[in-house]
Amino acid sequence: MAVAVATGAIPAPRDTSLGTWLDRHAGRIMVLPAVLVVLAFAVFPLILSAYLTMIRFALAPGGFKLTFVGFTNFSRLLFGQQQYHFLGTFGPMTVPLWSVFAAIVFGLAAWIVRFVRSEELSVGGLIGRLITASLSAGGALLVLATVFAGGLPGTLMTTLIYVSVGVAVQFLLGLGLALLCAMPIKGRNWFRVIFFLPLMVTPVGIAYTFRMMADLEKGPLAPIRFALGLGEFAWATDPWLARMVVLIGDTWQWTPFMFIVLLAAVESRSYEQIEAARIDGANPFQIFRHVTWPAIAPVAATVVLIRLIEAFKIIDLPNVLTGGGPGLATESLTLHAFIAWRTQDLGGSASIGYMLLFVSTIVCVSFFNFAVRRARRYQV
Amino acid sequence: MSAATERTWAERAFQPKDPASLAPAAKVAIYTVLIFWTAVVLLPLYWVLITSFKLPIDVNSGPVYLPFIDFSPSLDAWRYLFVDVARDTFRPYLNSVIIAFSATILAVLIGSLAAYALVRINFRVKVAAVAAFLGLLALTVVAVAYLQVNWRIATAVAVGLFVVFLSTGARRFKRSFANSDIEFWIISNRIMPPVVAVLPIYIMFQQVRLLDTHVALIATYTAVNLPIVVWLMRDFFAGIPIEIEESAQVDGASKFRTFFSIVLPLVRSGLAATFLLVLILCWNEYLLALFLSNAKAQTLPILVSAQNGTRGPQWWYMSAIIVIMIAPVIAIAIALQKHIARGILVGAVKG
């Protein structure tokens, strides 16, 4: 017995003191609150929400009535009367547009075939690539039919525009500013503090501020409009200009995030390598391409991933800046779900939420597998 | 002066004196871009600030830029906010302060405990137990929703079945989740768009009559920010040498004692970074407050977005509210920029 206690193989005799009990189970007690919170506010809501996607909510005398409708809410979004709102209105697809689509599908197919022939082939990898490829093909068709064929983009397309254009512009601006701030100049710390500010500002405040800024009658930029001789110029009634104003607000807020992280990555690259490249006669672009970029690629991929995850959730800016208008032009998926909820379409709201969950998860996981992992390998 | 240092005008402008410095032309270009972006960042903030000191006529008659020169500043909007409708301004402000601080403290406390345990203690959670839990949860939802079983009875039965399963059946299964799986599970919740979860959360709080209260918002904000805390804190904890904790435990300190009086003080700068980041996220939150608060628990972002009244936005009041809403975060950001940036960096660089 003494030996067993000494090695700790057999639990010590049960101690009645609370302190000892607490200490023995300390690990579980420490994790338990977090697990309970996640269960109550993420897992349980997800399951309940999955149920909500399959019901129709209606007010009835003395309360409300829930009717089970199966996947009707989803099919309404994808094929039925809500299609114009979610997917958009499709324009007539012409031959050139079909050929562009065929080229994209061919490219994706080639990508899959190359994977099947490679040595890395695995069932999971193949399924993942098939999902990514089919979603990309669907997205490409959506872009062609709603944007290029003269249709009207729906909330899904609008959200994808915010995510793709917004994240790309913010990344490029953030990278450019980070590279400039890493140069040997005076006042770097001042610029760093100032450039960081917008990230902290409340998005709703930004939305109103940019409504004032974008007011070309009374806003601060009105003189520029007069100088350029633009007449009546109402961005709020033009779909693409309205989207652009939302994107400008989003970019103003989120460029600092890219900037601050990329600056840290740029500053931590090895100075000796740059020096060696310069002595070998490399120009600044070559130094960036072959020294700086490989060093910062893993961080760059990760920061884009984090931004992708958050970008899909956009609601504050379009709701306050434009109210989703003109028409549906600036309505994001989250705003769409909120509007459906306000009109008491519980099932519709939950299914829009679920569609957003699917799309954002697939995009983020694909990005992680095909960009972040590759970037990390790149470094090693 | 030797011949080597005599350079033409063009050479002096476009070629650096030595490789470590920059040519004057390059410097001018860099400063131009950086100062341009400084203007882009500061102009909107400046515009809000001066608009809050304008009279309606100064706003409506076209842009005026400089107080005392272009227009005479007035405290009208501020007087309106702090005297005429003072109660409508202070209540949301107080709500925001209470909710943001409570939720942040809770999230950081719960999240740090979990992160520490996940770094230092090995867990084995049986896959079978998790599967049983999820199955029972789904069955309970089905029973309550379709079969009209009272939710208290259904929950009690489910909990009973789960306990029975844990004490008998679960031991036969070998496969289990490790710490990294638990961690990934908690962190991955950040990918979930909040709009998916907010409807059921709304219904939950409606059932227990807590809609439009501080409790509802504090609990929800704690939950949505928990993943960030776990994500950031686990790295700060992993950076502490384990010997310090081991020697404390040899001296007889319990695990909780070790955590609160030895480990937490060691990570205080990381703790501060996480705290500030979560505080600002709570302060700025919009979507959840939009769903879960109405009048009593209204937070500042909702107050601001509700200003879009029937007479069109009253820019002067609105600007004043925006100024009092963003002033604290701007002040924090300027004063503690390094700490907040550290929190962001730990999260982003690690991935």
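Lys313(A) counts as buried, at 14% relative accessibility. This is a predicted model. The buried label follows because the cut-off for buried is under 20% relative accessible area.

What does Lys313(A) pair with? Its partner is Glu310(A). The two form a salt bridge, and their closest N and O atoms are 3.5 Å apart. Glu310(A) counts as partly exposed, at 22% relative accessibility. Side chains of opposite charge can pair when their charged atoms come close.

Glu310(A) has another salt bridge, with Arg190(B). Here the closest N and O atoms are 3.2 Å apart. This pair crosses between chains. Arg190(B) sits in the loop between α8 (179–188) and α9 (194–207) of chain B. Glu310(A) sits in helix α14 (residues 284–311) of chain A. Arg190(B) counts as partly exposed, at 21% relative accessibility.

Salt bridges that share partners also join Arg188(A), Arg192(A) and Glu267(A) into one network. Look at Glu267(A) and Arg188(A): their side chains meet at 3.2 Å, N to O. This pair links distant parts of the chain. Glu267(A) belongs to helix α12 (residues 239–267) of chain A, and Arg188(A) to helix α9 (residues 188–196) of chain A. They are 79 residues apart. Both are partly exposed: Glu267(A) has a relative accessible area of 36%, and Arg188(A) has 27%. Over all chains, the structure holds 11 salt bridges.

Now turn to the rings. There are 29 aromatic pairs over all chains. One of them is Phe338(A) with Phe291(B), an edge-to-face pair. The ring centres are 5.3 Å apart, with 75° between the planes. Phe338(A) lies in helix α16 (residues 333–342) of chain A and Phe291(B) in helix α14 (residues 287–292) of chain B, so this pair joins two chains. Phe338(A) is buried, at 5% relative accessibility. Phe291(B) is buried as well, at 4%.

Tyr93(B) and Trp283(B) make an edge-to-face pair, because their planes stand at 75°. Their ring centres are 5.7 Å apart. The two residues lie 190 residues apart, in helix α5 (residues 86–120) and helix α13 (residues 268–284) of chain B. Trp283(B) is buried, with a relative accessible area of 10%. Elsewhere, Phe191(A), Phe195(A), Phe259(A) and Tyr31(B) form one aromatic cluster.

Which helix gives the largest share? Helix α17 (residues 346–379) of chain A does, with four residues. Arg377(A) is found in helix α17. Arg377(A) is exposed, with a relative accessible area of 56%.

Conventions
Residues numbered from 1 in each chain as written. Chains lettered and ligands numbered in written order. Predicted model: local features only at pLDDT ≥ 70, side-chain atom pairs only at ≥ 80, totals over all residues. Heavy atoms only, no water. Buried < 20%, exposed > 50% of the residue type's maximum accessible area, 1.4 Å probe, protein only. Phe/Tyr/Trp six-rings, centres within 6.5 Å; stacked < 30°, edge-to-face > 60°. Salt bridge = Lys/Arg side-chain N within 4 Å of Asp/Glu carboxyl O.
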